[in-house]
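I opened this entry to look up how two chains meet. My notes are kept in the order I checked things.

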Number of protein chains: 2
Amino acid sequence: MHDSSTTGLPPSWRATRQRGAVLRALHDAADFTSARELHGALMADGAVVGLTTVYRTLRLLEREGRVDIVRDEAGERLYRSRPADGHRHYLVCRRCGMSLAVAAEAVERWADDVVAATGFSAVEHTVELSGICEPCGTRPDRGSPHP
Amino acid sequence: MHDSSTTGLPPSWRATRQRGAVLRALHDAADFTSARELHGALMADGAVVGLTTVYRTLRLLEREGRVDIVRDEAGERLYRSRPADGHRHYLVCRRCGMSLAVAAEAVERWADDVVAATGFSAVEHTVELSGICEPCGTRPDRGSPHP
DNA sequence: TTCGTTGCAAAAGGTTTGCATACCA
DNA sequence: TGGTATGCAAACCTTTTGCAACGAA
């Protein structure tokens with residue numbers, strides 16, 4: 001379960017224990033996760049991986065377009081492995097961190113319109129949505145994630 | 001021209017030379033500007049203001065909703081005084097930094113739809129658009145801002 | 001006079017880099 | 001074996017904070 005064919009490592013990379021572990025941890029994380037959290041999860045799991053390696057692996061994945069990245073309010077980068085189906089926008093709960101991929105055709109269309117209207121080229125867009133999810137909204141006192 | 005009635009300082013603030021200078025520099029900057037750039041512009045202008053004060057003033061403006069904030073790819077915060085008409089989304093040129101307020105009703109509507117569809121509440125959204133503006137696209141070799 | 005404001009220096013926090021070592025191919 | 005990847009420590013950068021001095025009201 002750790003060879004490159006199942007971890008999904010790009011063929012040009014060397015398949016190392018550390019990269020496999022990072023990739024697996026990233027995949028296991030249900031929601032957007034910071035490098036530190038990822039590193040902590042790896043340690044808790046018994047996988048010994050340096051924080052530096054976590055950062056470097058995430059950076060590689062970023063270059064390959066294999067992760068979506070958002071920033072929390074503090075500016076920390078949060079990563080999530082990008083599904084193959086092209087979803088790229090998320091609604092993240094500010095309280096528990098749960099994230100939800102949302103259909104964004106409307107935004108894509110809008111971005112295209114902007115390109116046409118302004119004369120800009122190579123337009124890229126980032127959309128970040130945050131709110132309070134229904135379970136969290138129902139339990140206003142709880143700060144901890146709901147099961 | 002430096003009293004609080006023209007600098008637009010909130011009445012609850014103390015009108016100090018430094019805050020007036022930061023506010024003026026922010027207003028003079030055509031496009032999104034970092035705290036460091038603002039500080040540099042102030043120094044170049046002969047206004048002696050500590051970097052700390054620039055940060056603190058920007059933070060106050062942020063709390064009052066008087067500035068729009070985007071993050072560049074490095075995560076640095078860029079500030080721009082918010083026009084009174086409620087524009088809140090911008091298209092920023094990656095080459096020269098020029099920014100353009102864009103109509104975003106479509107996005108606002110879409111965000112509202114998302115709220116309705118997901119059960120999330122208190123949804124906030126951030127949209128960042130970047131591209132290459134027409135003048136920059138016409139002069140592919142130039143890295144400097146065009147006049 | 002009073003209390004908010006300033007500025008320096010230092011801390012904080014996340015992310016990157018230098019360099020010697022370990023290891024995949 | 002050869003070149004990549006790793007990991008530690010230290011560097012980097014932006015932003016925040018502690019604290020004594022300053023100044024607007």
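These notes go through the interface of chain A and chain B.

**Model.** I note that this is a predicted model.

**Residues in contact.** I looked up how many residues take part. Chain A gives 37 residues to the contact, and chain B gives 37 residues.

**Area.** Next I checked the buried area. About 2,800 Å² is buried between chain A and chain B. Carbon and sulfur atoms give 63% of that area. I then asked which three residues of chain A supply more than any other three. They are A:Trp110, A:Phe120 and A:Leu129, with 25% of the area that chain A buries against chain B.

I searched for salt bridges across the interface of chain A and chain B, and the rule finds zero. For polar contact, I have six residue pairs between chain A and chain B, with both residues at pLDDT 80 or more.

**Elements.** I listed the elements of chain A that give two or more residues to the side touching chain B. They are strand 4 (90-93), helix 5 (105-118) and strand 6 (121-132). Strand 6 of chain A gives the most, with 12 residues. By class, I get 21 nonpolar, eight polar and eight charged residues on the side of chain A that touches chain B.

**Strand pairing.** I looked up one residue here: A:His125 has B:Leu129, in strand 6 of chain B, as its bridge partner. A:Leu129 is already in my notes, as one of the three residues that supply 25% of the area chain A buries against chain B.

Terms used. Residues are numbered from 1 along each chain as its sequence is written. Chains are lettered from A and ligands numbered from 1 in the order in which they are written. This is a predicted model: local features need pLDDT of at least 70, side-chain atom pairs count only at pLDDT 80 or more; totals for chains, interfaces and linings use all residues. Side-chain values use heavy atoms; hydrogens and water are left out. Contact means heavy atoms within 4.5 Å. Buried area is the accessible area (1.4 Å probe) that two parts lose on being put together, summed over both. A salt bridge is a side-chain nitrogen of Lys or Arg within 4 Å of a carboxyl oxygen of Asp or Glu. A polar contact is a pair of N or O atoms within 3.5 Å; within protein, one must be able to donate a hydrogen and the other to accept it, and residues adjacent in sequence count only if both atoms are side-chain atoms. Helices (H or I, at least four residues) and strands (E, at least two) are DSSP runs, numbered from the N terminus. Ala, Val, Leu, Ile, Met, Phe, Trp, Tyr, Cys and Pro count as nonpolar, Asp, Glu, Lys and Arg as charged, and the others, Gly among them, as polar. Two strands pair if DSSP finds at least two bridges between them.
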